[in-house]
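This briefing goes through one protein chain by topic. Please keep the sequence and the model in view while reading.

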Amino acid sequence: MKTKIWLVGLVLLLCGAVPASAGAAAISGNVGLDEGASAENVTVCAEGPVTACIRVMAGHSWEITGLPAGEYRVDFRGDFGTNMFDQYWQDVPSWDEATLIELGTEDVGGIDALMHAGGEIRGTVTGAGGAPLEGVRSCAGEVGGTGGHLCVSTDKNGEYAIHAI
């Protein structure tokens with residue numbers, strides 16, 4: 001019996017499972033949609049000593065429980081393909097600028113986000129004779145910028161949409 005208990009403990013340790021302890025606390029808030037933003041779900045992640053995420057319907061409250069004490073950044077991401085900008089708490093766009101939340105043994109609430117709509121580029125790619133082309137990679141990036149670019153492939157109708165730009 002001792003061997004089985006030890007083995008279960010080893011598996012939990014190797015898999016990164018952190019059992020809830022008496023000192024664990026929660027971070028919670030609400031996710032809203034700015035005018036023009038649309039999404040069914042938003043993924044909210046608390047990133048610190050551990051990373052934990054939850055999917056929530058936009059326009060609703062959320063709570064991530066069982067977090068050990070430490071400093072956390074909270075980020076909000078719309079479902080892939082939605083026209084919303086990802087952000088960190090307090091409407092910040094990047095990890096480096098994210099506001100740290102100090103979590104002790106008490107729950108922290110009021111970590112709210114308003115998801116903002118981005119710009120969008122749509123189009124159709126056609127070949128000779130106007131036939132739609134499927135699987136053509138279409139990209140958008142900042143002219144003269146040092147950042148990355150966003151790419152999508154055309155569908156069977158030759159159509160594409162690049163969101164959150």
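## Overview

Buried residues make up 30% of the 165 residues in the chain. The model is a predicted one. The chain holds one helix and twelve strands, and along the sequence the pattern reads α-β-β-β-β-β-β-β-β-β-β-β-β.

**Chain totals**

- The chain exposes about 10200 Å², and 55% of that area is supplied by carbon and sulfur atoms.
- Among contacts in the chain with a separation of 6 or more, 60% are accounted for by residues 24 or more positions apart.

**The three-stranded sheet**

- An open sheet is formed by three strands in the order S4-S1-S8, and its pairing is mixed.
- Strand S4 (61-67) and strand S8 (113-115) stand at the edges; each has a single partner strand, so one side of each lacks a neighbour in the sheet.
- From one strand to the next, the twist averages 25°.
- Strand S1 (residues 25-33) and S8 run parallel and are joined by three bridges.
- Val31 has Ala113 in S8 as its bridge partner.

**The largest nonpolar core**

- The largest nonpolar core has 21 residues, and those that touch the most other members are Ile27, Val44, Trp62, Val74 and Phe76.
- Two or more residues of this core come from each of S1, strand S2 (41-47), strand S3 (51-57), S4, strand S5 (70-78), strand S7 (101-103) and S8.
- Leaving aside neighbours within four places in sequence, Val44 is in contact with Val31, Ala52, Cys53, Ile54, Val56, Trp62, Ile64, Val74, Asp75 and Phe76.

**Cys45 in strand S2**

- Cys45 is placed in strand S2.
- With a relative accessibility of 8%, Cys45 counts as buried, because buried means under 20% relative accessible area.
- Not counting residues up to four places away in sequence, Cys45 touches Ala52, Cys53, Ile64, Arg73, Val74 and Asp75.
- One of these residues, Ile64, is 19 residues from Cys45 in sequence, and the C-alpha to C-alpha distance between Cys45 and Ile64 is 8.2 Å.

**Aromatic pairs**

- How many aromatic pairs does a search of the whole structure find? The search finds two.
- One of them joins Trp62 and Phe76 in an edge-to-face arrangement, at 6.1 Å centre to centre and with 75° between the planes.
- Trp62 belongs to strand S4 and Phe76 to strand S5, so this pair ties together parts that are 14 residues apart in sequence.
- Trp62 is buried, at a relative accessible area of 4%, and Phe76 is also buried, at 0%.
- Tyr88 and Trp95 also form an edge-to-face pair, with 6.3 Å centre to centre and 75° between the planes.
- Tyr88 counts as buried at 8% relative accessibility, whereas Trp95 counts as partly exposed at 37%.

**The loop between S6 and S7**

- Gln90 is found in the loop between strand S6 (87-88) and S7.
- Although Gln90 is not a glycine, its phi is positive, at about 70°.
- Gln90 counts as partly exposed, with 47% relative accessibility.
- Asp91 also has its place in the loop between S6 and S7.
- Phi of Asp91 is near 60°, which is a positive value in a residue other than glycine.
- Asp91 is partly exposed, with a relative accessible area of 48%.

- S10 and strand S11 (residues 149-153) run antiparallel and are joined by five bridges.
- Where in S11 is the bridge partner of Ala140? The partner is Leu150.

Methods: Residues numbered from 1 in each chain as written. Predicted model: local features only at pLDDT ≥ 70, side-chain atom pairs only at ≥ 80, totals over all residues. Heavy atoms only, no water. Pairing = 2+ DSSP bridges. Helix = DSSP H or I, 4+ residues; strand = E, 2+ residues; numbered from the N terminus. Axes fitted to C-alpha atoms, helices over the stretch in contact; angles between N-to-C directions. Core = buried A, V, L, I, M, F, W, Y, C linked by side-chain atoms within 4.5 Å. Buried < 20%, exposed > 50% of the residue type's maximum accessible area, 1.4 Å probe, protein only. Contact = heavy atoms within 4.5 Å. Areas by Shrake-Rupley, 256 points an atom, 1.4 Å probe, with all protein chains shown as cover. Phe/Tyr/Trp six-rings, centres within 6.5 Å; stacked < 30°, edge-to-face > 60°.
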